[in-house]
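Me: I would like to go through this structure by question and answer. Please keep it plain.

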Amino acid sequence: MRIFKNKGEFTKFQILAKIAQQEPHLKQKDIADELGITVQAVSENIKALVKEGYVETGSSNFRYKITKYGIDKVKTEAINLKSYSDMVLTTMNGYKSIWPAIAAEDLHQGEQVWLNMEDGILYADLEDKSNAYAEVFSDVCEGEDVTLINLGGEIDIVPKDVVIVKIPPIAEGGSRACDMDKIEEIYAQEFDRIGVLGTSARAITNHLNVYPDFEFATAEATASAAEKGLRVLVFAVGKMTNRVTSRLEEKGIIYCIEDVKKV
């Protein structure tokens, strides 16, 4: 099946189709704005269409007018495009959307299961206790990863807030310039994950005798964990806090910054 050889051919088809609407006051800028290309690109393509005999210019009351050959071309290309789209849709409909989860119990092919997010991990079981459901694709044992199909509903996940403890950079004293009593008070709150960003931040977790859950790609990991309903505490050095806050703001996640530098 022949469809467009390249993006340029498709652009010409789009311009020709627009001209085929027979708008008497159609301007190149109108076409450019609609297709998201430059006016120069529209002008060059129209010149090519005129040269190829698909478009006439300055005829009767129309700035541009499609010829009989142009009409035939639009019809042919449109039919080819539709046939191609139909073929792709037919192919894709043969695939079943799948998703993995951890089996909370032994599961068997064809059973309907319910989905729950616990500690950031998606679980599937037979107990009806959520708004999300799916069908088991094949038998699995408890604790194994299960393939799910025919997913429906929504998983109940409430994003949690993030607490960022801002540690002074080493030039300002690093971990030794921190109010450790305040840090320990913050740490005493309930958190699901701990992250660090910067060497002085790692020194703080060493002092707390805590091994961080993530210290690389911390901003991304923090946002991902918060989205999955986990409350995260992040120790970040100086301006490194901006990496975390920027990522959280992109995701619309609530956060607060605690400055623990000694007064």
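Me: Between which two helices is the loop that holds alanine 217?
Reply: This is a predicted model, in which local features need pLDDT of at least 70, side-chain atom pairs count only at pLDDT 80 or more, and totals for chains, interfaces and linings use all residues. Residues are numbered from 1 along each chain as its sequence is written, and side-chain values use heavy atoms, leaving out hydrogens and water. Helices (H or I, at least four residues) and strands (E, at least two) are DSSP runs numbered from the N terminus. The loop with alanine 217 lies between H6 and helix H7 (218–227).

Me: Is alanine 217 buried or exposed?
Reply: Buried means under 20% relative accessible area, exposed over 50%, and partly exposed in between (1.4 Å probe, protein chains only). Alanine 217 has 52% relative accessibility, so the residue counts as exposed.

Me: What is phi of alanine 217 near?
Reply: Most residues other than glycine have a negative phi. Alanine 217 is not glycine, yet its phi is positive, near 50°.

Me: Where does aspartate 119 lie, and what is its phi near?
Reply: Aspartate 119 is in the loop between strand E4 (112–118) and strand E5 (121–125). With 46% relative accessibility, aspartate 119 is partly exposed. Its phi is also a positive value in a residue other than glycine, near 55°.

Me: How far apart in space are glutamate 44 and lysine 12, C-alpha to C-alpha?
Reply: Glutamate 44 is in helix H3 (residues 39–51), and Lys12 is one of the buried residues in H1. The two are 32 residues apart in sequence. From C-alpha to C-alpha, the distance between glutamate 44 and lysine 12 is 9.8 Å.
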